Amino acid sequence: MPRTKFQKVINPPEGLSKPNIATNSLEIMKKRHLLKNEKGEVMESPEQMFWRVATAMAKEDSKYVKGSEPRKKRVVGRTSNEFYELLAENRFLPGSRVLYEAGNNIDATGQLSSCFVLPVEDSLEQIFDVMKEAAIVQKNNGGTGFNFSKIRPKGDVVGGTPNVAAGPIHFIKTFSQAFDQVLQGKKRGGGNMAILNVNHPDIIDFINLKGRDDSIRNFNISVGVTDEFMNAVRNDTDFDLVNPRNNEVVNTLRAKEVFDLICEKAWECADPGLFFLDTTQNANPTKPLGIIDATNPCGEEPLRAYESCNLGSIVLTTHITTKNGKKEIDWDLLKKSVHTATHFLDNMIDLSKFPLKKIEDEVNMTRKLGLGVVGLGSLLFKLEIPYNSQKAVNFAKEIIAYIQEEATVESERLATERGVFPGFEGSKWDEMGREVRNATMSSIAPTGTLSLVAN
């Protein structure tokens, strides 16, 4: 997006809600979200920010509205008001970067998605090609996830010469060092996820990668585990390590010892985590389009190569009502919020400027949304439900099931106006007979900054 030195800030129309912003929330907004002039002075209020974001998102409606220009303007105007009320009433917040980027003509990148997955093959040329692609994403503060399991193990054959392969650990460190340079001077660097499958010959070195070694500061790491491995842990049997270059078994290990090592390292330094490969693939909504073997940096969004996650969260604590003197969930308001938020996130895909054409193509193939929640613990407190109780577990299940179903209903409505996602044929939705606009609708993302903005 071209840089300008000036952008007019606009107030929302009279009669719409006035946001009630807590002091701490305002400080976060000043640092992260509110536009500034060339002197670094804040030039818009939270109210104006919400209107900027709402109108930018609503404009995407016009491409789906048939009829005259006045009709398109009416639809966009109505959607602008709905999106604004959703934000100003603190019922929903998009991913933090959206609050700054959307409608920003001063210094925005236009990249509204925060996280991406990129493929890593066993080829020096491809490895450095994908490093370049990741650097482009990182330059715009995006995060990236990778599965390094296709890279042949350290000391393997290369071009007929034995004992020369660098191995995946070397390239993980190389990626980390490269991204450190890309991110110098940035306020906030993009996170990364490195995954190595448990049957890779270098898995022990990978499990021990973090802790005392601080050479990969900008990566989370996770072991890709299979059902076969977990059953071997349960039954205390061995499992095979396989060279990905030729699929030959090169060693066997006792599964329980490997699992114990994972647990010890996770206790020591919070890494590695576990990524359940078979479970993820079984839940893959678009199996004909390919496997999912990696996640975004925080792990909440399993993605195919070049997909991105488009995230936002329902603020649960603003969906409470009182009946007969007792606080409870306002299900009607929650339904309204979920429908509007799903509409918002679908428009967000259209508004986004993706850093690579490959990413744009794959995102539009599945149009995945990640509608989540923020404030579950606060909600339970306000409703006087003990956090560590079966009642809380059941209540959380009820809320998430409700959000998932209502988001699906809204995705079906959008599909009648805009069409199903291009990769729909053969998907789980096709099998279910539900024509939807989005391959996924929900995902529970971390909400560190958003929880502060939402107070």
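This is a predicted model: local features need pLDDT of at least 70, side-chain atom pairs count only at pLDDT 80 or more; totals for chains, interfaces and linings use all residues.
View 1. Strand E4 (residues 192-197) and strand E5 (residues 220-225) run in the parallel sense and are joined over five bridges.

View 2. Six strands make up an open sheet with mixed pairing, and their order is E8-E5-E4-E3-E2-E11. Strand E8 (273-276) and strand E11 (308-309) are the edge strands, each of which pairs on one side only. Helix H5 (residues 124-139) packs on the sheet, where it touches strand E2 (115-117), strand E3 (143-147) and E4. The direction of H5 makes an angle of about 155° with that of E3.

**View 3. The buried side of helix H9.** Helix H9 (residues 255-269) consists of 15 residues. From its first C-alpha to its last, H9 reaches 21 Å, close to the 21 Å expected at 1.5 Å a residue. Its buried residues are Ala255, Val258, Ile262 and Lys265. These residues lie on the same side of H9 because they cover an arc of only 95° around the axis. An α-helix has 3.6 residues a turn, so residues three or four places apart point the same way.

View 4. Glu264 and Trp267 are exposed, and they are carried by the face of H9 turned away from its buried side. Just after H9, Ala270 adopts a positive phi of about 70°.

Definitions and conventions:
Residues are numbered from 1 along each chain as its sequence is written. Side-chain values use heavy atoms; hydrogens and water are left out. Two strands pair if DSSP finds at least two bridges between them. Helices (H or I, at least four residues) and strands (E, at least two) are DSSP runs, numbered from the N terminus. Contact means heavy atoms within 4.5 Å. Axes are lines fitted to C-alpha atoms, for helices over the stretch in contact, and angles run from 0 to 180 degrees between N-to-C directions. The expected span of a helix is 1.5 Å times one less than its number of residues. Buried means under 20% relative accessible area, exposed over 50%, partly exposed in between (1.4 Å probe, protein chains only). The arc is that of the directions from the helix axis to the C-beta atoms.
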